[in-house]
Amino acid sequence: MDIRFTASQSVDIPVVEQPVPIQHYLRQPQRLVRALASSSRIEHLGSDLFRLKMRPLSFMMLSLQPTVDMKVWAESDSTVRLRSWSCEILGVEYINERFALNLSGQLQPRTVSGMTHLQGRADLEVMIIELPPPFLFTPRPILETTGNGLLKSVLLTVKQRLVHQLVSDYQLWANTQSLEETPLQSGVLLPNNSPTI
């Protein structure tokens, strides 16, 4: 029996503008990836490709740990896009050989009533081509409700982390950038060839 689970999540994050506009921050997708999950669970594979090792998930009587390779890039209008590249399920080889995961998302700055907001959406879909024998007698509506609920909780967890981490990371980054650009004002330096007394 084939089965498909889906979930979507939207986000709207008000942003207090810093000395460096949020658009500059969004052109560095690797920072956004670090806002999605702790650095211990993220591996940079090169260029705009990242591997995310998710926390173990419980589905019915199974414990699953998905590992997702995803491409994250910024477009010229500062929209950040995310798309899954490949995925592996650790824990149950039977399911790993018979499933597909599709994750896509976007985040972009928009002005709402004179204030900048980061607005975005993520869509997650999991298809299992053939369920393991223990699930063959479980009614499809129960499987679908459980699977959809699990995916929704995954996206909600990611959203909550993103809301808290992204704004604070942007503020930290912007303040660091503005400090680096501030010229040194503590005294006047003499040229190297100035005569000394």
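**Close-up views of salt bridges and a nonpolar patch**

E130 is partly exposed, with a relative accessible area of 38%. Here, buried means under 20% relative accessible area, exposed means over 50%, and partly exposed lies in between (1.4 Å probe, protein chains only). The model is predicted, so local features need pLDDT of at least 70 and side-chain atom pairs count only at pLDDT 80 or more, while totals for chains, interfaces and linings use all residues. Residues are numbered from 1 along each chain as its sequence is written, and side-chain values use heavy atoms, leaving out hydrogens and water.

**View 1. R98 and E130 meet in a salt bridge.** The N to O distance is 3.8 Å. A salt bridge is a side-chain nitrogen of Lys or Arg within 4 Å of a carboxyl oxygen of Asp or Glu. R98 sits in the loop between α3 (93-96) and β7 (99-112). E130 sits in the loop between β8 (115-128) and α4. The pair therefore ties together parts that are 32 residues apart in sequence. Helices (H or I, at least four residues) and strands (E, at least two) are DSSP runs, numbered from the N terminus. R98 is partly exposed, at 22% relative accessible area.

**View 2. R31 and D169 form a salt bridge.** Their closest N and O atoms are 2.9 Å apart. The pair links distant parts of the chain. R31 belongs to helix α2 (residues 29-36) and D169 to helix α4 (residues 140-181). They are 138 residues apart. R31 counts as buried because its relative accessibility is 16%. D169 counts as buried too, at 18%.

**View 3. E75 pairs with R81.** Their side chains meet in a salt bridge, 2.9 Å from N to O. E75 has 28% relative accessibility, so E75 counts as partly exposed. R81 is partly exposed as well, with a relative accessible area of 25%.

View 4. The structure holds nine salt bridges. Side chains of opposite charge can pair when their charged atoms come close.

**View 5. M60, M61 and I142 make a nonpolar surface patch.** The patch covers about 310 Å². Patch residues have over 30% relative accessible area and no salt bridge; nonpolar side chains (Val, Leu, Ile, Met, Phe, Trp, Tyr) are joined within 5 Å, and like charges within 9 Å. Accessible areas come from the Shrake-Rupley method with a 1.4 Å probe; for residues, only the protein chains shown count as cover. I142 lies in helix α4. I142 is partly exposed, at 44% relative accessible area.
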